Amino acid sequence: QALQKYSNAILLAPDDAKLYSNRSLCHLKLKLYDEALVDAKLTIKLNPLWYKSWFRKAEAYKSLLNWKCAIVAFYKASISKDISNDMKLKKFCQKQLLNAQISYLSYFDERDNKLINDQQLLTFME
C-alpha cells in the first residue's frame, strides 16, 4: 500500500528525490531489488549530494549481491557533505561500507584463488 502511495505522490511531484528514495525503500522491503535500484538512481539524479540517495543505491546493489557497486555507493554515502557534521550517521555509513567490503571478500575462494560467482555463493548459503 505504501508503494502505491509513493507512486501516486511521484506523479504529483516528479522532482522530489525523497519520494523516489522512500519508494526505493518500499521496493527493498518487498524484495523488488531491480526496481529499488531504478528508484535509487533517480534519487541520485535529482539529488546527488544527499547521502540517502547513495545509501539507497548501495542497499539495492547489496541486495543484488553486486558488492563492487555497493562498496562504491556506500563510500559515496559516507563522504556526502550533508552528513559531514553528523558523526553518528557518518560512522553508520562507514560501518555499512566496511560490511560490504567484508561481504565482497567472502566471495573470494582462497583455494582456487578466484572470485566465487553468485550461483556458487548461493550453493554455499543453502
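1. Contact here means heavy atoms within 4.5 Å. The model is predicted. With that cut-off, Tyr51, Phe55, Glu59 and Lys62 of α4 meet Leu89, Phe92, Cys93 and Gln96 of α6. By class, this contact holds five nonpolar, one polar and two charged residues.

2. Next, the geometry of that pair. The axes of α4 and α6 come within 12 Å. They cross at roughly 25 degrees. Angles under 35 degrees count as roughly parallel, so α4 is roughly parallel to α6. The crossing of α4 and α6 is left-handed.

3. Helix α5 covers residues 67–78.

4. Which residues of α5 are buried? They are Trp67, Ala70, Ile71, Ala73, Phe74, Ala77 and Ser78. These buried residues pack against two helices, α4 (51–63) and α6 (87–106).

5. Serine 24 sits in helix α2, residues 17–29. Is serine 24 buried or exposed? Its relative accessibility is 0%, so serine 24 counts as buried; the cut-off for buried is under 20%. Neighbours within four places in sequence aside, serine 24 is in contact with Ala36, Asp39, Ala40 and Arg56.

6. Threonine 43 belongs to helix α3, residues 33–46. Threonine 43 also has 0% relative accessibility and therefore counts as buried. What does threonine 43 touch, not counting residues up to four places away in sequence? The list is Ala17, Tyr20, Ser21, Trp50 and Ser53.

7. Leucine 105 is a residue of helix α6. Its relative accessibility is 57%. Exposed means over 50%, so leucine 105 counts as exposed. Along the chain, leucine 105 and tryptophan 67 are 38 residues apart. Trp67, for its part, is among the buried residues of α5.

Key. Residues numbered from 1 in each chain as written. Predicted model: local features only at pLDDT ≥ 70, side-chain atom pairs only at ≥ 80, totals over all residues. Heavy atoms only, no water. Helix = DSSP H or I, 4+ residues; strand = E, 2+ residues; numbered from the N terminus. Expected span 1.5 Å × (residues − 1). Buried < 20%, exposed > 50% of the residue type's maximum accessible area, 1.4 Å probe, protein only. Axes fitted to C-alpha atoms, helices over the stretch in contact; angles between N-to-C directions. Parallel < 35°, antiparallel > 145°, perpendicular 65-115°, else oblique. Left-handed = near helix turned anticlockwise from the far one by under 90°. Nonpolar A, V, L, I, M, F, W, Y, C, P; charged D, E, K, R; others polar.
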